[in-house]
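I opened my notebook to look up a few things in this structure.

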Amino acid sequence: MTLKPLGLAALLAAPLTAQVPPPAVQIAGAVEALPAALQDSATVLGYSNYHKLVTLRQGTNAMICLADDPAQARWHVACYHRDLEPFMARGRALTAEGKDRSEIESTRLAEIQAGTLKMPDGPRMLYNLYAPADSVDTTTGLARHPARLNVVYIPYATPESTGLSARPGGGLPWLMAPGKPWAHIMIMQ
């Protein structure tokens, strides 16, 4: 799963009235995606007054959380293992350049194959929360009744290597992008 960062096109199309919450509110919302034991020590990336992605809090554990982008229509926060940061950051950079999903995938694949973009050598976790923007308490940064999507990246995993279906269905975990460097298990709740 690729996170949807704020690209140049989105920034230009974003309403000028989109308010960026204070850092403490962004941090509280962002870390909500993590298990409680990991929240206090996670690094948090969020937005400045000009919708620029900045480090709001430097953490001490292996997790990086991305605060909600106030320019987007729905609320979404995500936290992932730091070993996924080169992959995630490259996706954000390519999106900012105006690349579409297929261009982003082909560029990252070529860079992974060339050894210039490193992927983890084993499983790494990504936690997501989604909610309608109007369900967020603006004083706390927390959404009421968010949907959860947990993702386990397992580079090059296949249905044969994992025992998972490559198709979603019945609310069961499934394998997305099988055989690719960014193959991952989707666990919807």
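These are my entries, in the order I made them.

**Entry 1: what I'm looking at.** I noted before anything else that this is a predicted model.

**Entry 2: helix H2.** I started with H2, which covers residues 23-31. Which of its residues are buried? I found Val25, Gln26, Ile27, Gly29, Ala30 and Val31 on that list. Next I looked up what lies over them. The cover includes one helix, H3 (36-39). It also includes the strands S1 (43-47), S2 (53-57), S3 (63-66) and S4 (74-81).

**Entry 3: a closer look at Gln26.** I picked Gln26 out of helix H2. Its relative accessibility is 5%, and the limit for buried is under 20%, so Gln26 counts as buried. What does Gln26 touch, once I leave aside its neighbours within four places in sequence? I wrote down Val20, Pro21, Gly46, Tyr47, Leu56 and Ala67.

**Entry 4: H4 against H5.** Then I moved on to helix H4 (residues 85-96) and helix H5 (residues 101-114). How do their axes cross? They come within 10 Å and cross at roughly 135°. H4 and H5 are therefore oblique to each other. I also noted that the crossing of H4 past H5 is right-handed. On the H4 side, the contact is made by Phe87, Met88, Arg90, Gly91, Leu94 and Thr95. On the H5 side I listed Ile104, Thr107, Arg108, Glu111 and Ile112. I sorted the residues of this contact by type and got five nonpolar, three polar and three charged.

**Entry 5: salt bridges.** How many salt bridges does the structure hold? The count is six, and I looked up some of them.

- Glu85 and Arg92 meet through their side chains, at 2.7 Å from N to O. Buried or exposed? Both Glu85 and Arg92 are buried.
- Lys180 pairs with Glu105, with the closest N and O atoms 3.6 Å apart. Lys180 lies in the loop between strand S7 (174-176) and strand S8 (184-188), and Glu105 lies in helix H5, so this pair ties together parts that are 75 residues apart in sequence. Lys180 is partly exposed, at a relative accessible area of 33%. Glu105 also counts as partly exposed, at 23%.
- Arg124 pairs with Asp121, and here the closest N and O atoms are 3.5 Å apart. Arg124 has 16% relative accessibility and counts as buried, whereas Asp121 has 73% and counts as exposed.

**Entry 6: Ala96.** How accessible is Ala96? It comes out at 32% relative accessibility, so I put Ala96 down as partly exposed. I also checked how far Ala96 is from Met186. The two are 90 residues apart in sequence, and their C-alpha atoms are 26 Å apart in space.

Note on methods. Residues numbered from 1 in each chain as written. Predicted model: local features only at pLDDT ≥ 70, side-chain atom pairs only at ≥ 80, totals over all residues. Heavy atoms only, no water. Buried < 20%, exposed > 50% of the residue type's maximum accessible area, 1.4 Å probe, protein only. Helix = DSSP H or I, 4+ residues; strand = E, 2+ residues; numbered from the N terminus. Contact = heavy atoms within 4.5 Å. Axes fitted to C-alpha atoms, helices over the stretch in contact; angles between N-to-C directions. Parallel < 35°, antiparallel > 145°, perpendicular 65-115°, else oblique. Left-handed = near helix turned anticlockwise from the far one by under 90°. Nonpolar A, V, L, I, M, F, W, Y, C, P; charged D, E, K, R; others polar. Salt bridge = Lys/Arg side-chain N within 4 Å of Asp/Glu carboxyl O.
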